[in-house]
Every structure is written in structure tokens, then in C-alpha cells.
Amino acid sequence: MEAWQAINSVRVVREFANRPLEPDHLTRILNAGRRTGSSKNAQRWVFIAVQDGEHLRQLAAVGRYAGHLAGAAAAVALVTPDPNGPRGKSIMWDLGRAAQNMVLAAWELGIGSAPATVYDHVLAGRLLGLPAEQDCSFILSFGYPADTSELTAPNRRGGRRSLDEVMREERW
Ligand SMILES: Cc1cc2nc3c(=O)[nH]c(=O)nc-3n(C[C@H](O)[C@H](O)[C@H](O)COP(=O)(O)O)c2cc1C
């Protein structure tokens, strides 16, 4: 799959087939995160892969919109030093890049994904066994889509703002 095709077609998938990820596929996704460039090449991240069904169902309680984790084949919890501390902006910029690389690498393999925003940081920290200075603000669900037509669905009209709306030339 061409990079542009992946960027232009990827959509969030929240319902997954009831089968595990092929091990090579999960490894590819994690490597896509690992290969991401970061500010000063600091790579201030750890990716926790979760595949146990009960653990995934427990993680689904960390956010109001995290329910999709319960049905995922795997989740990758994105763990960093506290983003409210020093270098927090770089940490979150870097993490977003790593997350999108994972999402696009997965998409190329026919794997859908959805982010879950963590609301209950205490619960997430407990379920993931995080040391006190580490934070998990986002978890990604991954899985083969329950409805495989989601992989090839045409872009929804109005799904994204038009280029005219979002770009300017030279000045605001
Ligand atoms: C920072 C961020 C946090 C998100 N948090 C959630 C979430 O908690 N639960 C969820 O179902 N989707 C979450 N999403 C997914 C967005 O709802 C999704 O990207 C948006 O609706 C566009 O979806 P589409 O790519 O399918 O058009 C999040 C996305 C981002 C970028």
C-alpha cells in the first residue's frame, strides 16, 4: 500500500473480529512506533501490548469512550513520563507521531484501530502496573475489522474539512 493511499483511506474502526492478531502483525505495529522520530531522539515512550481478553475488558473502563478496547484483539498502551511535567509538549507531539505510524502500519496489514482517551489515570496506572512517574493518556485498540468493508470504504462526504477551509497562503 502506498503511503498516500494509507493516509487518505485510514478511518477509525471500533468493532473487531474475534480472532487474535498474527504475532508478526503485532510486532510490525510495535516496530512502527519504535521507528518513529522524536524530539532530540529522546524516545520517551514504552508501548505495553495487551492481548489478554480479561485485561482488555478491564482497560475498557479507563475512559468514557474506551469501550472499544473490550472487543479489541490487542491494545497498545502508550506510556510516557508525565506530560504535565517538563518537556510535556514534546512528549505528546512525539507520542502522536508514534501512534499514527502504528495506525498506518496496521492499516496496511488490514488491521483497524481506535484511540481510547484515558480519563481515569489511577485505574490505568493500576491495570498497567505503571511506576508513579509514568503516565498513560492514550491506548490504541487494534484488530481485524468485524466488517472488512471498512478497509475499503470510500471517504465520507464531509468527513474532513476541505483544503480551502484548513489552509492559508503565507499568512493567516
Ligand atoms: C487525541 C484523540 C483522542 C481520541 N479519543 C477517542 C476515544 O476515547 N474513543 C474513541 O472511540 N475514539 C477516540 N478518538 C477517535 C476520533 O473520534 C476519530 O479520530 C475521529 O472521529 C475521526 O474518525 P475517522 O477517522 O473514522 O473519520 C480519538 C482521536 C484522537 C485524535
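Which polar side-chain atom lies 2.8 Å from an oxygen atom of the ligand? The legends below begin with that contact. This is a predicted model, in which local features need pLDDT of at least 70, side-chain atom pairs count only at pLDDT 80 or more, and totals for chains, interfaces and linings use all residues. Residues are numbered from 1 along each chain as its sequence is written, and side-chain values use heavy atoms, with hydrogens and water left out.

View 1. A polar side-chain atom of R160 sits 2.8 Å from a ligand oxygen atom. Taken alone, the ligand exposes 630 Å², and the protein buries 61% of that. Accessible areas come from the Shrake-Rupley method with a 1.4 Å probe; for residues, only the protein chains shown count as cover. T117 places a side-chain N or O atom 2.8 Å from a nitrogen atom of the ligand. P115 uses its backbone: an N or O atom there is 3.2 Å from a ligand nitrogen. A polar contact is a pair of N or O atoms within 3.5 Å; within protein, one must be able to donate a hydrogen and the other to accept it, and residues adjacent in sequence count only if both atoms are side-chain atoms.

**View 2. The shell around the ligand.** The residues around the ligand are R11, V12, R14, Y65, H68, P115, A116, T117, F138, R156 and R160. A residue is near a molecule if one of its heavy atoms lies within 4 Å of it. By class, five are nonpolar, two polar and four charged. Here Ala, Val, Leu, Ile, Met, Phe, Trp, Tyr, Cys and Pro count as nonpolar, Asp, Glu, Lys and Arg as charged, and the others, Gly among them, as polar. Strand β3 (residues 112–117) gives the largest share of the shell, three residues. Helices (H or I, at least four residues) and strands (E, at least two) are DSSP runs, numbered from the N terminus.

View 3. R156 belongs to the loop between β4 and α6. R156 is exposed, at 52% relative accessible area. Buried means under 20% relative accessible area, exposed over 50%, and partly exposed in between (1.4 Å probe, protein chains only). S137 lies in strand β4 (residues 134–143). With 11% relative accessibility, S137 is buried. The S137 side chain makes a polar contact with the side chain of D135, at 2.7 Å. From C-alpha to C-alpha, R156 and S137 are 29 Å apart in space, and 19 residues apart in sequence.

View 4. The side chains of R28 and E108 meet in a salt bridge, at 3.6 Å from N to O. R28 lies in helix α2 (residues 23–34) and E108 in helix α4 (residues 88–108), so the pair ties together parts 80 residues apart in sequence. R28 is partly exposed at 42% relative accessible area. E108 is also partly exposed, at 39%. A salt bridge is a side-chain nitrogen of Lys or Arg within 4 Å of a carboxyl oxygen of Asp or Glu. By this rule the count is three.

View 5. E54 pairs with R57 in a salt bridge, the closest N and O atoms being 3.5 Å apart. Both residues lie in helix α3 (residues 53–59), three residues apart, about one turn of the helix. E54 is partly exposed, with a relative accessible area of 42%. R57 is partly exposed as well, at 47%.

View 6. R161 and E165 join their side chains in a salt bridge, 3.4 Å from N to O. R161 is exposed at 58% relative accessibility, while E165 is partly exposed at 45%. L163, V166 and M167 make a nonpolar surface patch of about 290 Å². Patches are made of residues with over 30% relative accessible area and no salt bridge: like charges are joined within 9 Å, nonpolar side chains (Val, Leu, Ile, Met, Phe, Trp, Tyr) within 5 Å. L163 is in helix α6 (residues 163–166). L163 is exposed, at 62% relative accessibility.

**View 7. Positive phi in two loops.** Most residues other than glycine have a negative phi. N41 has a positive phi, near 55°. N41 sits in the loop between α2 and β1 (46–50). R87 has a positive phi near 65°. R87 is in the loop between β2 (74–81) and α4. R87 is exposed, at 52% relative accessible area.
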